Amino acid sequence: MQGMSERQYAAHVGLSRGAIQKAKAAERLVLYPDGSINAAASDARRAETTDPSKTRKPPAPKLKPVSEAAVAAVGDTLREQGLAVPAVGGGTTFLQAKTANEVLKAQERRIRLQKLKGELIERARALALVFRLAREERDAWVNWPARAAALMAAELSASCSEATGQQIAVEPAAMQKVLEKHVRAHLDELAEVRPDFR
């Protein structure tokens, strides 16, 4: 075989094999005696006989613009790892973006593994647990004066009586009222504390 096959010529000119067969049937291609295609002569004949308005122009490469946020994220990821960061406004190379992508994939896999091992829990679950524990602690403190007031009143009465030599009685209800006042004031102070979950 001297020239190209239909398939080879189609690849050479960037057309389908069907389009080459049509051009062959319309005698717009130059063939060798064995039926193979003379590429150089066929290119010239096709250029002469093809209407320029009907030719397809190769599509311009479609380059998507990359947002500044993406470039900044690449820079941040590389900086965290102690790698070279692209200059401001200088653009990011493909290698830098690929490196940042691989670093992020590795970090994501590490986090997934830590979750599987039970070393990490979801933020919402942690917040719910902290809230529940704080509420239980608050309830325990609110109920504490009622339980402790009578015991404290008895102990204070006994120690005051020993010190003065006279019978002094501290009322449990008065003791409970004072304790509740101070416990509530303390709980109000704690209510102002806002944890910073960053």
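This is a predicted model: local features need pLDDT of at least 70, side-chain atom pairs count only at pLDDT 80 or more; totals for chains, interfaces and linings use all residues.

**Helix contacts and core**

I then looked up the axes of H1 and H2, which come within 9 Å and cross at roughly 105°. Angles of 65 to 115 degrees count as roughly perpendicular, so H1 is roughly perpendicular to H2.

Next I checked the largest nonpolar core. It has seven residues: Tyr9, Ala10, Ile20, Ala23, Leu29, Ile37 and Ala39. Helix H1 (6-13) and helix H2 (17-25) each supply at least two residues of this core.

I also looked up what Ala39 touches. Leaving aside residues up to four places away in sequence, Ala39 touches Met4, Tyr9 and His12.

**Helix H6**

I moved on to H6, which covers residues 123-164 and has 42 residues. From its first C-alpha to its last, H6 reaches 58 Å, close to the 62 Å expected at 1.5 Å a residue.

Where is the kink in H6 centred? I found it centred on Ala148, with an angle of about 40°.

Ala148 is also among the buried residues of H6; the others are Pro145, Ala149, Ala153, Ser157 and Ser161. I looked for what they pack against, and found helix H7 (172-191).

Last, I checked the residue just after H6: Gly165 takes a positive phi of about 80°.

How values were computed:
Residues are numbered from 1 along each chain as its sequence is written. Side-chain values use heavy atoms; hydrogens and water are left out. A nonpolar core is a set of buried Ala, Val, Leu, Ile, Met, Phe, Trp, Tyr and Cys residues joined through side-chain atoms within 4.5 Å. Buried means under 20% relative accessible area, exposed over 50%, partly exposed in between (1.4 Å probe, protein chains only). Helices (H or I, at least four residues) and strands (E, at least two) are DSSP runs, numbered from the N terminus. Contact means heavy atoms within 4.5 Å. The expected span of a helix is 1.5 Å times one less than its number of residues. The bend at a residue is the angle between axes fitted to the seven residues ending there and the seven starting there. Axes are lines fitted to C-alpha atoms, for helices over the stretch in contact, and angles run from 0 to 180 degrees between N-to-C directions. Angles under 35 degrees count as roughly parallel, over 145 as roughly antiparallel, 65 to 115 as roughly perpendicular and the rest as oblique.
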